[in-house]
Amino acid sequence: ARGRLMLLQEAGGLADLVGAPPKSIAIVSDAWHPQMNGVVRTLTTTCDILRQNGLRVDVITPDQYPSVPCPTYPEIRLALTMPGTVGRRLAKLQPDAVHIATEGPLGLSARRYCMTKAVPFTTAYHTQFPDYVSRRTYLPPEAFWPYIRWFHRPAQRVMVATESIREELRAQGLTRLHHWGRGVDLKLFNPDAGSCADYAGIDGGLARPIQLYVGRVAVEKNLEAFLKTNQPGTKVIVGDGPARGDLEARYPEAVFLGKRGGEDLARCYADADVFVFPSKTDTFGLVMIEALACGTPVAAYPVPGPRDILTDEVGAMSEDLDEAIAAAVTRDRRTCAEFGKAFSWEAATAQFLAGLEEFDGECLTP
């Protein structure tokens, strides 16, 4: 697998894979549209690139079944399926590879089928699940690690985005690990995206520097830590979620723009002065590299995700978020944009594809 990954990277991604024997891949995910987050963007972009290169990709997602709102987070839908429904779907598809992206109801159903039928499968660790659930239940994260170990241990490989998460999972006894990075749509996210009309059109124009957050407006994103900072300028929040109403009422000086996508989102990034990433529960932080590709430096806590991505040239990390913002806003925007160009979705998708190969030991990134 390591040799094939090196070959793919040398070839510049998947461009030279079209003539390879076709693979059929089934991806099972509890995170899907209309959700807008890094997991959904990663999976949909990966599926698009695989299909563009002639591979058959079938996805099993909550929109295909009756569902109910997730407690405390109604924007997330939890699929309701009869026992065996997902298994019968997989049996009918007969894919060459099964990838289980999430630990929710659909992921559990797919895992049960694969374990029962001795079908090899891979998983991914997209979110700091124990910390995520801890913030919503007020139970310690340690209470949820047994479930994570149980869920992922039978996988041929667990795909992870950063070295920090690799170390954390290895410490939990999960050693069948494979690097799967992330990318940026550089045609969309770049310094030439243009000015943001919202910044100029609110109350005669927002005070600079504009400090931008993009992502879910939810408790696990630690957004209140950003809203409590005391830097001059304007805090701008792009995104939606269950905490928006409360935070908008308590922090009226901040500007909440709601959901943005495509060129509108790119302009939000490119016209901001600094991107603030307060989350301590992400495994990567796709929004950080989108901001960097637009030339916008990043301020964050020194935690997994930022610690794996940022350098002193393109951002600043500190346990004091005020200090990180003040330092990051001074970084050179051209350096940030050049740094962001290094993240390719084609290379990331090649890593994913290589992770579906047979496993006979931990696969380290070359």
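Both faces of strand 1 are covered: Ser24, Ala26 and Val28 are buried on one side, and Ile25 and Ile27 are buried on the other. The model that shows this is a predicted one. Strand 1 spans residues 24-28, and because five of its five residues are buried, the rest of the structure largely encloses it.

The strands beside it come next. Strand 1 pairs with strand 2, residues 56-60, in the parallel sense, and five bridges connect the two. Within this pairing, Val57 of strand 2 is the bridge partner of Ile25. Strand 1 also runs parallel to strand 5, residues 97-100, and is joined to it by four bridges. Here Ile27 stands opposite His99 of strand 5.

The path from strand 1 to strand 2 involves a helix. Strand 1, helix 2 (residues 38-52) and strand 2 together form a right-handed β-α-β unit. In the loop between strand 1 and helix 2 sits Pro34. The peptide bond that joins His33 to Pro34 is cis, with omega about 10°. Pro209 belongs to the loop between helix 8 (197-201) and strand 9 (210-214). Most peptide bonds are trans, and most residues other than glycine have a negative phi.

Gln94 is not a glycine, yet its phi is positive, near 50°. Gln94 is located in the loop between helix 3 (85-93) and strand 5. Its relative accessibility is 57%, so Gln94 counts as exposed. Ala118, also not a glycine, has a positive phi near 55°. The loop that holds Ala118 lies between helix 4 (105-117) and strand 6 (122-124). Ala118 counts as exposed because its relative accessibility is 65%.

Now to the interior. In soluble globular proteins, nonpolar side chains tend to be buried together. The largest nonpolar core in this model has 60 residues, and those with the most contacts inside it are Tyr199, Leu212, Val236, Tyr269 and Phe275. Helix 12, residues 286-293, supplies the largest share of this core, with seven residues. Apart from this core lies another, of 25 residues, which includes Ala26, Ile60, Ala79 and Leu169.

What is in contact with Val236, leaving aside its neighbours within four places in sequence? The residues are Tyr199, Leu206, Ile210, Gln211, Leu212, Tyr213, Phe226, Val255 and Leu257.

Is helix 12 mostly covered or uncovered? Eight of its eight residues are buried, so the helix is mostly covered. Among the buried residues are Leu286, Val287, Met288 and Ile289. Glu290 is buried as well, along with Ala291, Leu292 and Ala293. Following helix 12 is Gly295, which has a positive phi, near 90°.

The cysteines remain. A search of the whole structure finds zero disulfides. Cys294 is in no disulfide, and the nearest cysteine sulfur, that of Cys268, is 9.9 Å away. A disulfide would need two cysteine sulfur atoms within 2.5 Å. Cys294 has 1% relative accessibility and therefore counts as buried. Cys336 is likewise in no disulfide; the nearest cysteine sulfur belongs to Cys294 and is 11 Å away. Cys336 counts as buried because its relative accessibility is 0%.

How values were computed:
Residues are numbered from 1 along each chain as its sequence is written. This is a predicted model: local features need pLDDT of at least 70, side-chain atom pairs count only at pLDDT 80 or more; totals for chains, interfaces and linings use all residues. Side-chain values use heavy atoms; hydrogens and water are left out. A nonpolar core is a set of buried Ala, Val, Leu, Ile, Met, Phe, Trp, Tyr and Cys residues joined through side-chain atoms within 4.5 Å. Buried means under 20% relative accessible area, exposed over 50%, partly exposed in between (1.4 Å probe, protein chains only). Contact means heavy atoms within 4.5 Å. Two strands pair if DSSP finds at least two bridges between them. A crossover is right-handed if, with the strands pointing away from the viewer, the path from the first strand over the helix to the second runs clockwise.
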